[in-house]
Amino acid sequence: MTTDGIQTDFEGRMSYGDYLKLDQLLNAQVPLSEEPDELLFIIIHQVQELWMKLLNRELDTAMMHIRADALRPAFKCLARLSRIQMQLIQAWDVLSTMTPSDYLHFRPVLGSSSGFQSWQYRLLEFKLGAKNALMIKPHRHRPDILALLQAAYDAPSLYDEALRLLARRGFAVPDDVLQRDVTQPHRPDPRIEDIWAIVYRESDTHFDLYEMAEELVDIEDSFQQWRFRHMKTVERIIGMRPGTGGSAGVPYLKQALDRSFFPELWSVRGTL
């Protein structure tokens with residue numbers, strides 16, 4: 001294999017490490033104990049935060065395209081969301097190699113910090129429709145983050161945008177649904193289920209809406225898998241202990257499994 005032409009002199013030139021800011025990235029892991037598994041714990045959560053940064057960007061872009069009735073580019077973003085979610089799900093498999101003993105050796109250094117406080121995760125939940133004003137409170141000490149969360153809390157969710165698109169396409173989405181308080185979670189509505197039933201039964205006529213529905217189901221399916229793997233990993237490592245940030249731990253995570261972002265897209269399957 002020839003190596004002619006390969007750059008080896010980076011004096012005054014941008015290298016791979018320069019472009020990716022690897023010095024900053026690789027120096028961002030600062031364990032507070034001497035326990036080797038703390039580095040694993042930090043890296044898993046930092047990588048998840050990086051993926052969530054991209055998830056939020058793709059979700060914003062998808063909603064922008066849906067508002068513009070441009071579904072094909074929206075589908076690309078939604079499909080990418082699902083692929084990123086697979087990376088998040090698989091990350092729990094790596095963390096689950098840590099035993100309860102491994103974790104308990106460094107748990108005290110975490111103080112009151114907890115994944116419960118991830119503001120990027122809250123942004124995702126708000127954009128997907130899981131609105132809860134309580135989840136804003138842990139970020140009142142950061143006005144910049146507080147503003148981002150409040151904006152997402154006050155804005156229509158991905159599902160709100162999908163229902164508004166249905167209305168623009170001529171479906172009889174009730175006014176009380178279109179004009180509802182978007183700071184509240186969407187409640188299951190049989191009238192919306194009836195509209196999705198038309199989309200599914202007449203998929204040849206409404207194929208792009210039918211495809212959008214399935215993209216949304218993919219996202220929620222993946223999100224629920226992520227929640228389940230999170231819950232089982234926590235249960236495997238700390239059992240029923242309370243979370244470091246004061247949450248109930250596993251019982252709290254189990255409650256989230258019962259919540260749906262797009263309820264009619266699931267209930268309609270039993271009526272087709």
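The model is predicted, so local features need pLDDT of at least 70 and side-chain atom pairs count only at pLDDT 80 or more, while totals for chains, interfaces and linings use all residues. Residues are numbered from 1 along each chain as its sequence is written, and side-chain values use heavy atoms, with hydrogens and water left out.

Start with the layout. The protein chain has 13 helices and zero strands. Helices (H or I, at least four residues) and strands (E, at least two) are DSSP runs, numbered from the N terminus. The C-alpha trace spans about 60 × 60 × 40 Å along its principal axes. Contact means heavy atoms within 4.5 Å. Among contacts between residues at least 6 apart in sequence, 71% join residues at least 24 apart.

Now the inside. Of the 272 residues, 42% count as buried. Buried means under 20% relative accessible area, exposed over 50%, and partly exposed in between (1.4 Å probe, protein chains only). In soluble globular proteins, nonpolar side chains tend to be buried together. A nonpolar core here is a set of buried Ala, Val, Leu, Ile, Met, Phe, Trp, Tyr and Cys residues joined through side-chain atoms within 4.5 Å. The largest such core holds 61 residues. Leu158, Tyr159, Leu166, Trp196, Met212 and Leu265 touch the most other members. Several helices give two or more residues to this core, including H3 (37–67), H4 (71–95), H8 (158–168), H10 (190–201) and H11 (207–238). A second, separate core has eight residues, among them Phe126, Ile136, Leu149 and Tyr153.

Take H10 next. Its 12 residues should span 16 Å at 1.5 Å a residue, and its end C-alpha atoms are 16 Å apart, which agrees. The expected span is 1.5 Å times one less than the number of residues. Ile192, Glu193, Ile195, Trp196, Ala197, Val199 and Tyr200 of H10 are buried. The buried residues of H10 pack against H8, H9 (175–178), H11 and H13 (263–267). Trp196 shows this in detail. Not counting residues up to four places away in sequence, Trp196 touches Tyr159, Leu163, Leu166, Leu209, Met212, Ala213, Glu264, Leu265 and Val268.

Finish in H11, where Gln224 sits. Is Gln224 buried or exposed? Gln224 counts as buried because its relative accessibility is 19%. Leaving aside neighbours within four places in sequence, Gln224 is in contact with Ala256, Leu257 and Arg259.
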